[in-house]
Number of protein chains: 2
Amino acid sequence: MINCPIPISQYPQVLLAHGGGGRLMHQLLEELFGRAFANPMLDLRHDAAVFEPPPGPLAFTTDSYVVRPLFFPGGDIGSLAVHGTVNDLAMAGARPLWLSAAFILEEGLPMETLWRVVCSMQEAARRCGVHIVTGDTKVVDKGKGDGLFINTAGVGVLEQALRPGPGHVRPGDAVLLSGDLGRHGMAIMAAREGLQFESAIESDSAPVHEPVLALLRAGLEVHCLRDLTRGGLAAALNEIAQTARVRIAVEQTAIAVREDVHAACELLGLDPLHVANEGRFVAFVPEAQAQAALATLRTHPVSAGAARIGRVVEHGEPLVTLKSAIGASRILDMPSGEQLPRIC
Amino acid sequence: MINCPIPISQYPQVLLAHGGGGRLMHQLLEELFGRAFANPMLDLRHDAAVFEPPPGPLAFTTDSYVVRPLFFPGGDIGSLAVHGTVNDLAMAGARPLWLSAAFILEEGLPMETLWRVVCSMQEAARRCGVHIVTGDTKVVDKGKGDGLFINTAGVGVLEQALRPGPGHVRPGDAVLLSGDLGRHGMAIMAAREGLQFESAIESDSAPVHEPVLALLRAGLEVHCLRDLTRGGLAAALNEIAQTARVRIAVEQTAIAVREDVHAACELLGLDPLHVANEGRFVAFVPEAQAQAALATLRTHPVSAGAARIGRVVEHGEPLVTLKSAIGASRILDMPSGEQLPRIC
């Protein structure tokens, strides 16, 4: 990371005037964002980026990021804002191409903090092969924000005819999970609450478009993809069950949760299946293709721990059931939603 | 406006759990946003919207909206969030097609307020002929936001070969202004400071894509378009002068400012040329096409007051000059940016 291009001695903190449309804002856009995100398509000097899309349907998505704290083991709000939107595009079966980046800064935010976040975004975008092509900056008065919120929207292209979506899920589908659960949520909680474990739990924040595109390029019939962010595996499976109107049965023993994550969840009274992840997804494929899909997923480090965790049983009243290690089956309900505010 | 579909008696305010990924968030997405924005392409049930773009280059833009107060004479944060992004697409010469809508809600925001804003967004989108196709909702704890921030990103299509941009501005261009200046900024200031005038100053917030597309469809050689938001006319002209490396000369007598806006600016010590607008733009066209362009602009109500306000004089050190009513010329500088926080 090079030094912040805005002279910190002169502007140690973000001022309201940095959002006012005048000289200071101009300097911030040109020198800080322009320097960090520099790429031929970036058009900070006009109101929109213009590009020729490759052939194929496009996917379009948006997410705002309000995670607290801004920096946590395994990531920060900047890399998260890139991975999250890249992953949402991947879940639609799209190859991520272009991102926008919009910042809501709180007056008083250290300029150095903004620079660190922006550098992290650019590094994450580079690793994902996407370009940040347009942006916006607003400043709100002190006490009316919380340091820094980021919105990224993304555009990607579908290169296969397949359009994975919850409406395509059907009985006989196998449910594949790309890796262990609960690390992002517990990394955030540990950082926020100052919890000490033997070793720090690192967020699983990571882009997952590579294994997803590998599945599609292999010609596998991927019916649905869903990343396991807010509400975790439980929310994702319940949402899919409701849209597809199916019953899904999963097995607890097939679902990997690291021991330290498990212990942290127990301590805080949380269910790891409700906890958010930022580099995990489920894929629904026909049972006959499950082994081929797992083999493909396991060739990518981010989904090396992929496993078959269950199946779609039948059409009917939407329901997700979980079979425990001792063989008892219980309903895996949608979380009520109070546990973990501001994890993404 | 129909009644809020979330039972106000049960949930009078937004709770942290409305952003938690569980049942309450699901209800908010399905019943409030899903109801208001209902359209065939909206995909609240998956991570991204997918569509077939029409032929042509695409424009992509984003803006966050943090205006205070949320409701003001002539508009609100919802309609502003649609008009602003529609206008940014138009300034790239694009026909606006699809918007995303991402909300950062502060815990405690009245549910009724959210519903009013969302209905206003949908109504503005309908009038602009665009669809809100994807979205996101986050909730931050009380005291860490300011009621409601909105981000919209937009995608549009360029239907003409022309790609207007500041790099195309050249000596001999006429500078056209689409109407009177200063109303949005002064409407916000009056509402915020409780100023009373004989009649309320209404924001000029409005979509301007129709007159812009009319210019392009008429085959006029539009070199550059720029809407006059933060920093007003002064910032827009200075930015363009810097990018194109030209000297621009404008005449004060050609620039319309309503008498009440002028009086309000005097009272607050503001220059109307620095004040933000949300339905005004400048167009740079070859002098020989200025009359035809003005005639086209004047057929649209939003730009009925269009006028030729100046010209691009020569290449060289970037500079904008303003000739006053008595014939004296002065430099029209970039505003420093402290005057008007959170007007958009």
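Biologist: How many bridges join strand E8 of chain A to E11(A)?
Modeller: In this predicted model, five bridges join strand E8 (residues 173-177) of chain A to E11(A), and the two run antiparallel; strands here are DSSP runs of at least two residues, helices H or I runs of at least four, both numbered from the N terminus, and two strands pair if DSSP finds at least two bridges between them.

Biologist: And which strand pairs with E11(A) over four bridges?
Modeller: That is strand E9 (residues 224-227) of chain A, again in the antiparallel sense. A:Phe284 of E11(A) is the bridge partner of A:Val175, and A:Cys224 also stands opposite A:Phe284.

Biologist: How many residues of E11(A) are buried?
Modeller: Six of the six residues in strand E11 (residues 281-286) of chain A are buried, so the strand is mostly covered; buried means under 20% relative accessible area, exposed over 50% and partly exposed in between, with a 1.4 Å probe and protein chains only.

Biologist: Changing topic, where is A:Asp47?
Modeller: A:Asp47 lies in the loop between helix H1 (23-37) and strand E1 (49-51) of chain A, and A:Asp47 is buried because its relative accessible area is 15%.

Biologist: What does A:Asp47 touch?
Modeller: Leaving out residues up to four places away in sequence, A:Asp47 touches A:Thr134 and, from chain B, B:Thr61, B:Asp88, B:Met91, B:Leu225, B:Arg226 and B:Asp227, where contact means heavy atoms within 4.5 Å.

Biologist: What about numbering and confidence?
Modeller: Residues are numbered from 1 along each chain as its sequence is written, while chains are lettered from A and ligands numbered from 1 in the order in which they are written. Local features need pLDDT of at least 70, side-chain atom pairs count only at pLDDT 80 or more, and totals for chains, interfaces and linings use all residues, while side-chain values use heavy atoms, leaving out hydrogens and water.
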